[in-house]
Amino acid sequence: MKRRLGFNFFDLFVLAFCVVFALICFYPIWYVLVVSITPYEQFLNTPFVLAPPLNPDFTYYTGIFTSNTFLRSMSVSVVVTLVGTSLCLLVTSSVAYAVSKTHIRGMKLLNAVAVFTMFFSGGTIPTFMLYKNLGLLENPLVMVIPGAFNVTYYIIMRNYFSYSVPKELEEAARIDRANDIQVFGRIVLPLSRPMLAAIGLFIAVGYWNDYYTYMVYCQIPKFQPFMWALRRMLTDATFTSSTSSAAQQQLNIPKIPALSLRMATVIVAIFPILIVYPFLQRHFAKGILIGAVKG
Amino acid sequence: MAQQTVRLQERKIGFTAYLRKYWFLYVLAVPGIAFLAVFSYGPMYGLLLAFKDLNMGAGILKSPWAGLDHFKTIFSYPEITRAIMNTLAINALNLLFGFTFVIFLALMLNELRFKKVKSVAQTFVYLPYFLSWIVFSGIIQTFLAPDYGLVNSILAALGKGQIVFLSEAGLYRWILVVANIIKTSGYSTIIYLAAIAGVSPELYESAKVDGANRFHMIRHITLPRIVPTIAVLLILQLAGMFSANFDMVYTTYSPMVFETGDVISTYIYRVGIGKAQYEVGTAMGLVFNGLSFLVIIAANKLIRKMDVMGIF
């Protein structure tokens, strides 16, 4: 009888499990958002954050958007993301299209050479030495240029050009005496626009979230990206946040940046991602990125 | 037939004529080749540094040879053993809990019957993957902070004493494992869900006619279908055995948890870049990159013998 109702304890368990885990994944972001608009004194009284405060306090956001350091680092991040993404899309997609024509001499070899880099790399220090020789060390260009070829997205794009762009259309255009340039520009690129948009978003998220390149190779405060500005603020507070208040009083540590300010900065850092997330999700759910693992 | 004639014609024409015919495709490949050569293969040339004593003025090539001295030096550092053990331990925990949790989560999401709930749940569980580790570690620090942190507030409400989580070496690995599950497991289910979506619904219907319940269907239809996917992802996971996620550790650790949390990549970074011991740092990188490469080749062979598809 139970089965005929179509809902049993198994379903209940599945539902509960999924809902609880989804809330665990979402709650941290909600928590950060609520704390960022709660006055600190009020937060201390109610550490179990659930609902947004009745008297939201946006002063920390105005603080961020009037701070020169943050405004500057934000514009650095925006420029790095836009330029880096365009460059990476251009370089990676054109080589991926060329290699998808496996019957052309040399393309199979080129593919092997490219895929090999997915499994073996020179490592941190040789990369460091290379940048040093190329003059990329302590040069803001280092945040953009070395990422221009991305092997993961290369594989996805190559598979897409090989399997998802109908061969018949290309053949038909060739019969109509279209040359390679016309086939690429008028047929392949327009048909690949959804894929390019999706991968472009992933690349953009990668550039926006990148702090490592700046940390290891750049280190010019003038050009610090937003993630690094956030990192600095969070770590300046790390010592104090991992010490108890009693110890803090003993050591006489100066007052840390208010928790709410830190949380507001986190929200600003993830805001662009939240904006593009619906588009991201629509694309990756379709399985465009599955090709990556099938190599 | 048509393709064969094309091939025959191509074989007849000379190299320059061939280039002239397909010049556009080669031109498209040029920037990619250039970036590959400089930024992917360039550092591989720098691996020579592991066998040299660097003389900054002379450059890598003209610096004197050092033989295997730097490799011997690596293992004279006591911290390297610790870093290897920590890396293996953290990866083993991730494999044991993280990897299996992803499969379980994928099965659960697949069994979820309410379409609306399912799409909202998926939206939420994929989201943390896109946040940078800087953001995520900031959130972890806030949640685990003494005094005002959420977890300590709960402990206080339960009458328990305060724990300074991120300074407890004994807890650090577990914090990483849990954080990693929350951050990445949702996104990792996508590939399993795609594999499950390929199962023909008729299989489930005929199983239902034969009186199978949902457990039977998961056990005998869904799971066998995703075994190849599990195998492939397992290879990738094994290949990463020596390369713990740098971002994850670097953004959350502190000297207080080096004992259980300092991993190979963070150690190489501190020695190679922090202390400017370029040769030893390079040698370390070479050893562990090489090891990972061997593991991935071996694992791929093994999986092929098991008669499911490999990754190459």
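A crossing of two helices is called left-handed if the near helix is turned anticlockwise from the far one by less than a right angle, and right-handed if clockwise. In the predicted model described here, the crossing of H11(A) and H16(A) is left-handed. Helix H11 of chain A covers residues 193-209, and helix H16 of chain A covers residues 259-284. The two helices pack at an angle of about 145°, and their axes lie 9 Å apart. On the side of H11(A), the contact is made by Ala198(A), Leu201(A), Val205(A) and Trp208(A). These residues meet Pro272(A), Ile273(A), Val276(A), Phe279(A), Leu280(A) and His283(A) of H16(A). By class, the contact of H11(A) with H16(A) consists of 9 nonpolar residues and 1 polar residue, with no charged residue.

At the level of domains, chain A is assigned a domain 1, spanning residues 1-56, and a domain 2, spanning residues 58-294. Each of the two domains of chain A contributes 9 residues to the contact between them. On the side of domain 1 of chain A that touches domain 2 of chain A, the elements that supply two or more residues are helix H2 (9-36) and helix H3 (40-45) of chain A. H2(A) gives the most to this side, with 4 residues. The side of domain 1 of chain A that touches domain 2 of chain A is made up of 7 nonpolar and 2 polar residues, and charged residues are absent from it.

Helix H2 of chain A also takes part in the contact between the chains. In that contact, 75 residues of chain A are paired against 78 residues of chain B. H2(A) gives the most to the side of chain A that touches chain B, with 14 residues. Sorted by class, the side of chain A that touches chain B holds 52 nonpolar, 17 polar and 6 charged residues.

Chain B was examined as a whole. Its secondary structure comes to 15 helices and 0 strands. The C-alpha trace of chain B spans about 70 × 65 × 35 Å along its principal axes. The radius of gyration of chain B is 26 Å, whereas a compact globule of 312 residues would have a value near 20 Å. Of the 312 residues in chain B, 36% are buried. Among the contacts in chain B with a separation of 6 or more, 66% are between residues 24 or more positions apart.

Conventions:
Residues are numbered from 1 along each chain as its sequence is written. Chains are lettered from A and ligands numbered from 1 in the order in which they are written. This is a predicted model: local features need pLDDT of at least 70, side-chain atom pairs count only at pLDDT 80 or more; totals for chains, interfaces and linings use all residues. Domain bounds come from an automatic or database domain assignment. Two residues are in contact if their C-beta atoms, placed from the backbone, lie within 7 Å. Ala, Val, Leu, Ile, Met, Phe, Trp, Tyr, Cys and Pro count as nonpolar, Asp, Glu, Lys and Arg as charged, and the others, Gly among them, as polar. The radius of gyration is taken over C-alpha atoms; the globule rule is 2.2 Å times the number of residues to the power 0.38. A residue is buried if 20 or more other C-beta atoms lie within 10 Å of its own, exposed if 12 or fewer, and partly exposed in between; C-beta atoms are placed from the backbone. Axes are lines fitted to C-alpha atoms, for helices over the stretch in contact, and angles run from 0 to 180 degrees between N-to-C directions.
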